[in-house]
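Please look at the sequence and the structure below before reading on. The text then goes from the whole chain to single side chains.

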Amino acid sequence: MATKTVNPIRHVEGICPHSINRVRFLRFLSLDLRRIGIRPELSLNSRRIRFRAKLTDIGEKQLRHFFREECGRRLTDQHLFLQQMIASGVLREFTELSQLNIDAISPRIQLCTTRHDADIFKFVRLMQSVPAPPLLYRQVPVIVRDDGQPGSPIMGVFGLTSGVYSLAGRDEFLGWVGKNAEVRKKRGLKQIMHLAICMATPPYHHLRAARLLAALAATREIAEEYRRRYVPRNGRDRLLALVTTSATGIHAPIFNRLMLRPGGLYRRVGETTGYSAVFFSRDTIAAARQLVVHVDSKSPEYRAIRTLKRAFSICGIPREPLLRLCTPKGVYVALLGHQALTGLRGRTRCDEPDYLCTDEVIEYWKKRDLPKALEKIDRLGKGVLADVVA
């Protein structure tokens with residue numbers, strides 16, 4: 001991801017009537033901006049509130065620093081939950097590199113169906129270096145275990161959730177733009193899911209296991225679970241595609257060149273416009289929602305960006321610069337069948353897509369990605385694996 005400033009400096013200024021809800025929202029907003037190196041000015045009198053800020057795009061160094069701090073705050077917020085999980089023995093669900101028998105690795109998909117499964121999924125999600133929000137609306141959380149090791153330790157997790165209504169790149173690729181696209185888009189959103197979380201746990205992250213997880217998300221087993229949960233009996237909708245975005249920039253190595261389909265399972269189809277609520281804390285979003293409810297007399301949608309847009313408008317602040325502080329991210333699409341693209345574009349119906357088989361995906365990973373990971377570890381002098389492989 002480029003570290004230089006993409007856009008010139010933008011001056012943001014707003015003046016609005018004094019009220020407790022506006023002051024509270026703008027104070028939380030100011031704290032968020034200071035965390036990413038922006039120094040806003042907030043002045044108050046009995047009648048007016050004035051807000052000023054000079055914005056620049058966030059570089060890679062700043063972004064990574066912000067993510068480290070945000071992960072620390074997230075772990076602090078979840079301290080009680082983490083303590084409870086550790087006391088219950090959750091650390092026994094993982095293994096160490098020195099105890100790993102490479103030749104015996106045997107991945108297995110475990111669908112989260114119990115509260116215990118959900119707690120493990122949440123525990124792993126909190127370990128992610130880039131903060132990942134909870135899954136919303138339709139959701140398929142999955143744990144992947146290694147049955148080839150004692151205790152079937154966790155290799156990683158991935159989670160599917162409902163796709164956002166508007167996403168640059170995706171909508172253009174699927175033909176969901178223009179005057180007559182609304183019907184196609186409304187139907188198509190029922191047949192796609194967003195890969196919101198894809199995380200390999202130590203020590204499997206050294207073995208390119210994240211690429212395995214990304215491919216397993218596109219298998220028949222997951223598609224059938226989606227159908228069981230969210231397609232009514234006798235319904236004809238099928239899961240036709242997965243959509244995801246790279247975490248910190250345009251490129252995402254875990255999705256590149258997964259040659260399980262001609263041209264690759266995931267293809268980068270564009271990039272986001274830079275809209276993101278990642279820099280805004282829960283306190284800020286909650287204060288924005290309270291402000292909107294107070295002014296509009298109704299609760300806005302849960303979507304943070306829509307809530308923030310309305311709150312900025314109420315405060316007379318230009319919303320585009322503040323919501324586009326983030327660098328654009330790559331948009332990736334995995335089509336789950338040969339007719340999936342024409343189906344999502346409204347040209348044909350794809351009733352029974354030719355989904356990938358789980359065993360096929362695992363075999364591909366073992367032949368293509370695992371050997372490359374072992375070569376790299378050996379090349380870097382990580383001889384700890386030598387005895388294990390032997």
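This is a predicted model: local features need pLDDT of at least 70, side-chain atom pairs count only at pLDDT 80 or more; totals for chains, interfaces and linings use all residues.

Residues are numbered from 1 along each chain as its sequence is written, and side-chain values use heavy atoms, with hydrogens and water left out.

The term pLDDT stands for the predictor's confidence in each residue, from 0 to 100. For the protein chain its mean is 86, and 92% of the residues reach 70 or more. Confidence is highest in β4, at 98, and lowest in helix α14 (residues 384-389), at a mean of 40. Over residues 382-390 the pLDDT is below 50, and this stretch has 15 contacts in the model beyond near neighbours in sequence. A contact here means heavy atoms within 4.5 Å. Residues 1-8 also have pLDDT under 50, with 12 contacts beyond four places in sequence.

The protein chain has 14 helices and 10 strands. Helices (H or I, at least four residues) and strands (E, at least two) are DSSP runs, numbered from the N terminus. Along its principal axes, the C-alpha trace spans about 75 × 50 × 40 Å. The radius of gyration is taken over C-alpha atoms, and the globule rule is 2.2 Å times the number of residues to the power 0.38. For 390 residues a compact globule would have a value near 21 Å, and the 23 Å of the protein chain agrees with this. Of the contacts with a separation of 6 or more, 77% are between residues 24 or more positions apart.

How much of the protein chain is made up of buried residues? The share is 49% of the 390 residues. Buried means under 20% relative accessible area, exposed over 50%, and partly exposed in between (1.4 Å probe, protein chains only).

Helix α8 (residues 220-230) has the buried residues Ile222, Ala223, Glu225 and Tyr226. Seen down the axis of α8, these fall within an arc of 160°, so they line one face of the helix. The arc is that of the directions from the helix axis to the C-beta atoms. The buried residues of α8 pack against α7 (209-216) and strands including β4 (107-111) and β5 (139-146).

Next come the aromatic rings. Rings of Phe, Tyr and Trp (its six-membered ring) pair if their centres lie within 6.5 Å; planes under 30 degrees apart count as stacked, over 60 as edge-to-face and the rest as tilted. The count comes to 6 aromatic pairs. Phenylalanine 255 and tyrosine 266 have ring centres 4.9 Å apart and planes at 45°, so this pair is tilted. Phenylalanine 255 is in the loop between β8 (241-245) and β9 (266-271), and tyrosine 266 is in strand β9, 11 residues away. Both residues are buried. Phenylalanine 255 also forms a tilted pair with tyrosine 332, at 5.4 Å centre to centre and 40° between the planes. Tyrosine 332 lies in strand β10 (residues 330-335), so the pair ties together parts that are 77 residues apart in sequence. Elsewhere, ring pairs link Phe25, Phe280 and Phe312 into a cluster.
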